[in-house]
Amino acid sequence: MIEARGLVQTFHTGQGRKKRPVHAVSGVDLDVAEGEVVGFLGPNGAGKTTTLRMLVTLLKPTAGTARVAGYDVAREPTQVRRSIGYVSQTGGVFSSARAGEEVMDHGMLYGLSRSQVETRGKELFEQLQLDGLWERMPKNMSGGQKRRLDIVAGLIHDPTLVFLDEPTTGLDPQARANLWEHIAKLRSERGATVFLTTHYLDEADVLSDRIVIIDQGRIVASDTADNLKAQVSGDLVDLEVADAGQVAVARDKLASIATQVEVDDRHVRGRVQRAGRAIPSLLRDLEAAAVSLDSIEVARPTLDDVFLTLTGRSLRDAESAADGPGADAETELEGATS
Amino acid sequence: MNSFVRDSSIVFRRQIRMNLRNPAWVLIGVMQPVLYLLLFGPLLKPVVRTFPGFDGNEFTFLVPGLLVQLGLFGAFFAGFGLIAEWREGVVEAERVTPASRTALLCGRLLRDLAQLLVQAVILVALGYVMGLRGSFGGIVVGIVLTLLIGGACAAASNALALTTKSEDVMAPLINMIMMPVLLLSGILLPMTLGPAWLQNTSDFMPFRWIVDGVRDAFTGDLGTSGVLWGTTWAAALFVVALWWGTSVFRRDDA
């Protein structure tokens, strides 16, 4: 469904002599198969939205090629547009117009007749739990309702490939969980291929078959969440030793089965492969050495651990770095072009 | 049906529907020229005799100028609505549909023209009640010229909106363009009253020719060089602005 090779997008910031290029996306290869749900994960300013905008024909690639739904984005943009649904971060329905009319007008721009869009629109309102809101203005809707309305508008022409840009940003946890159910149904009930960008780890984890991680304009990984997590060497085991004098013993015992062992006050942590199997014997060893524990915690690797392993930074650090002066230009640019 | 016409009419209907939901704006737009008509018109009565060719009728003199002013001001603010739509993602959502991008502009221009037509008719009717006299055909030609120039300004305004994407940049920019246009077009008083240097300066102001053209048309002289020049300028500005608007809407990163 998506086949991108060497996609590049270079913006220019500043004027005159201060003009300098910003490489928002520098050489992205992407493959998405029909029926796949792919999460495009990365910190703010990593190039997610810029890549997406090239794939949906809103931005011409500076270099590289992409075929989306079988058509070339640069040479056959109209055919690409006909085949895809795109729900941007801001949505696309005007806050002071009636919801139903906005959806119908949007659908008619795809060449559908008034009666077709009305029937489909009303079906979609029902499917996305917007019953009774046909006449409502989006400004009088809740955040979750507004987001679902944006998705309705994106689905009005029954696209086989749906792009969702940061679908749940700014929603409360309940509305997020609800929206996730609807996004999952895009494939399970409509058979659509879904490509979604997010900077939320849990979102990518819950929704996608496969996760593509982008950092600083380059793809750094592409695999299932489980495989990605398996790249991180093992589960995190955290032992809280009761007696500070026994910390050294506990560390030696843990080090015999773990890597990256570190001591933090009375806590001893390390990465253990298949912790579930290794822990019972570790506990026996500790008991034999008369080490008593206050607590023991085992955590499966998270996608944040994956990001840390791949880039040497945690996703949260990358986010706050994006607030710095270097990334500012790009944030501004993404705003200016969105 | 041709898809360009179809797309334009979808965009037009959507825009008109939003306008009709708030018809106050159409009236607010026509308020300024109406106030000029009511409160400034009477001041012209004692002096209009000295204007060449106006038989002492101040309203036949004033209404054509106010029409052009309406076309300029009313239409130049059309872009503000587009910025609001752009901010909410509407323009982008329309741009990922297969609809022609030129149609996205044309539908909006048609709305601006429809709105301007209603305002122009209100203004002329009111002027007629107050004493304006002119040939029917001439008034129609005058309104057509107003629509041409209004369409040009609306296209320029939409292009400017999509280029600047900020009301804070647009508003002072429009003010900066409007003041000299207003003062050098002879909308309120004929430029012929001024000293030679001012008259010569106003020769370079296209809108002055258009105001003169509409005035000539109102008095029934459709064959004068004034009407010819006015029409030429109005048509030329319309074509240029439409070309600019279209190229901005078709641009890659708008």
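**Confidence in the model**

The model as a whole scores ipTM 0.84 and pTM 0.82. Chain A has an average pLDDT of 85, with 92% of its residues scoring at least 70. For chain B the mean pLDDT is 88, and 97% of the residues reach 70 or more.

One stretch asks for some care: over residues 323-338 of chain A, pLDDT stays under 50. The model has 21 contacts beyond four places in sequence for this stretch. Where pLDDT is low, the predicted coordinates should not be read in detail.

Chain A is built from 13 helices and 14 strands. Its C-alpha trace spans about 80 × 55 × 35 Å along the principal axes. Of its 338 residues, 42% count as buried. If we take the contacts in chain A with a separation of 6 or more, 68% of them come from residues 24 or more positions apart.

The chain is divided into domain 1, made of 2-229 + 309-337, and domain 2, made of 233-300. Taken over C-alpha atoms, the centres of domain 1 and domain 2 of chain A are separated by 43 Å.

Helix H9 of chain A covers residues 247-255, and its buried residues are Ala250(A), Lys253(A) and Leu254(A). Looking down the axis of H9(A), you would find these buried residues within an arc of 95°, so they line one face of the helix.

**Where the chains meet**

How many residues of each chain take part in the contact between A and B? On the chain B side there are 20 residues, in contact with 26 residues of chain A. Helix H1 (3-21) and helix H5 (90-95) of chain B each supply at least two residues to the side that touches chain A. H1(B) gives the most, with six residues. Sorted by class, this side of chain B has seven nonpolar, three polar and 10 charged residues.

**A closer look at H1(B)**

H1(B) deserves a section of its own. At 1.5 Å a residue, its 19 residues should span 27 Å, and this agrees with its end C-alpha atoms, which are 27 Å apart. The buried residues of this helix are Asp7(B), Ser8(B), Ile10(B), Val11(B), Arg14(B) and Gln15(B). They fall within an arc of 155° when seen down the axis of H1(B), so they line one face of the helix.

What do the buried residues of H1(B) pack against? Their partners are helix H3 (99-108) of chain A and helix H6 (101-130) of chain B. On the face turned away from the buried side, H1(B) carries the exposed residues Val5(B) and Leu20(B).

**His106(A), a residue in H3(A)**

His106(A) lies in helix H3 of chain A, the helix of chain A against which the buried residues of H1(B) pack. Is His106(A) buried or exposed? His106(A) counts as buried because 27 other C-beta atoms lie within 10 Å, where the cut-off is 20 or more.

Not counting residues up to four places away in sequence, His106(A) touches Gly92(A), Ala153(A) and Ile156(A), as well as Ala93(B) from the other chain. His106(A) and His157(A) are 51 residues apart along the chain, and their C-alpha atoms are separated by 9.0 Å.

Technical notes: Residues numbered from 1 in each chain as written. Chains lettered and ligands numbered in written order. Predicted model: local features only at pLDDT ≥ 70, side-chain atom pairs only at ≥ 80, totals over all residues. Contact = placed C-beta atoms within 7 Å. Helix = DSSP H or I, 4+ residues; strand = E, 2+ residues; numbered from the N terminus. Nonpolar A, V, L, I, M, F, W, Y, C, P; charged D, E, K, R; others polar. pLDDT = per-residue confidence, 0-100. Expected span 1.5 Å × (residues − 1). Buried ≥ 20, exposed ≤ 12 C-beta atoms within 10 Å, placed from the backbone. Arc of directions from axis to C-beta. Domains from an automatic or database assignment.
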